[in-house]
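Here is a short report for a first look at this structure. Please keep the sequence and the 3D view at hand while reading.

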Amino acid sequence: MNAKSFAARIGAVLLTASVITTPALAGVNGRQANQQHRIAQGWHSGQLTGREAVRLERQQHRIARTEHRMRATNGLNPHERARLHYRQDRASANIYRQKHDGWRR
């Protein structure tokens, strides 16, 4: 195997691994973990104030509580899953907006 084909195979493996681990494909729980990480990172870096971080964490907690109630009744159906993804999309936009609003702690 020559170096060029070996590099191409390694690149394909890395690309596949990165696609598999993206939050959109990881499902509801993967997105939840990713959002939590973004909030923690924003607080540690100073992009989020304590108040902003608490508010965003509270939003994530409400989404998790809703998911728990949905799963308690025979799992998630496609409509419920879509509703959770919609709420995570809004939460993601809130995290982005708060991290980039210029307030520093």
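## A loop residue to start from

At 83% relative accessibility, N74 counts as exposed. Exposed means over 50% relative accessible area, buried means under 20%, and partly exposed lies in between (1.4 Å probe, protein chains only). Residues are numbered from 1 along each chain as its sequence is written. The model is predicted, so local features need pLDDT of at least 70 and side-chain atom pairs count only at pLDDT 80 or more, while totals for chains, interfaces and linings use all residues; side-chain values use heavy atoms, with hydrogens and water left out.

N74 sits in the loop between helix 3 and helix 4. Its phi is positive, about 65 degrees, although N74 is not a glycine. Most residues other than glycine have a negative phi.

T73 lies in that loop too, between helix 3 (50–72) and helix 4 (78–99). With 49% relative accessibility, T73 counts as partly exposed. The T73 side chain reaches the backbone oxygen of M70 at 3.0 Å. This is a polar contact: a pair of N or O atoms within 3.5 Å, where, within protein, one must be able to donate a hydrogen and the other to accept it, and residues adjacent in sequence count only if both atoms are side-chain atoms.

## The whole chain

How many helices and strands does the protein chain have? There are four helices and zero strands. Along the sequence, the pattern reads α-α-α-α. Helices (H or I, at least four residues) and strands (E, at least two) are DSSP runs, numbered from the N terminus.

The protein chain has 105 residues, and 27% of them count as buried. Its accessible surface comes to about 7300 Å², with 59% belonging to carbon and sulfur atoms. These areas come from the Shrake-Rupley method with a 1.4 Å probe; for residues, only the protein chains shown count as cover. Among contacts between residues at least 6 apart in sequence, 69% join residues at least 24 apart. Contact means heavy atoms within 4.5 Å.

Two helices are set out here. The expected span is 1.5 Å times one less than the number of residues.

| Helix | Residues in helix | First to last C-alpha | Expected span |
|---|---|---|---|
| Helix 3 | 23 residues | 33 Å | 33 Å |
| Helix 4 | 22 residues | 31 Å | 32 Å |

In helix 3, the buried residues are E52, A53, L56, Q59, Q60, I63, T66, E67 and M70.

In helix 4, the buried residues are E80, L84, Q88, A91, S92, I95 and K99. They cover an arc of only 115 degrees around the axis, which puts them on the same side of helix 4. The arc is that of the directions from the helix axis to the C-beta atoms. On the other side of helix 4, P78, H79, Y86 and R90 are exposed. An α-helix has 3.6 residues a turn, so residues three or four places apart point the same way.

What caps the N-terminal end of helix 4? N77 does: a side-chain oxygen of N77 lies 3.0 Å from the backbone nitrogen of H79.

R87 is also in helix 4. At 24% relative accessibility, R87 counts as partly exposed. Leaving aside neighbours within four places in sequence, R87 is in contact with R62, I63 and T66. The C-alpha atoms of R87 and I63 are separated by 7.1 Å, although the two residues are 24 apart along the chain.

## Salt bridges

A salt bridge is a side-chain nitrogen of Lys or Arg within 4 Å of a carboxyl oxygen of Asp or Glu. By this rule the count comes to two salt bridges. Side chains of opposite charge can pair when their charged atoms come close.

R31 lies in helix 2 (residues 23–45) and D89 in helix 4, so the pair ties together parts that are 58 residues apart in sequence. R31 counts as buried at 12% relative accessibility, whereas D89 is partly exposed at 43%.

R71 forms a salt bridge with E67, and the closest N and O atoms are 2.7 Å apart. R71 and E67 are four residues apart in helix 3, so about one helical turn separates them. R71 is partly exposed, at 37% relative accessibility. E67 is buried, with a relative accessible area of 6%.
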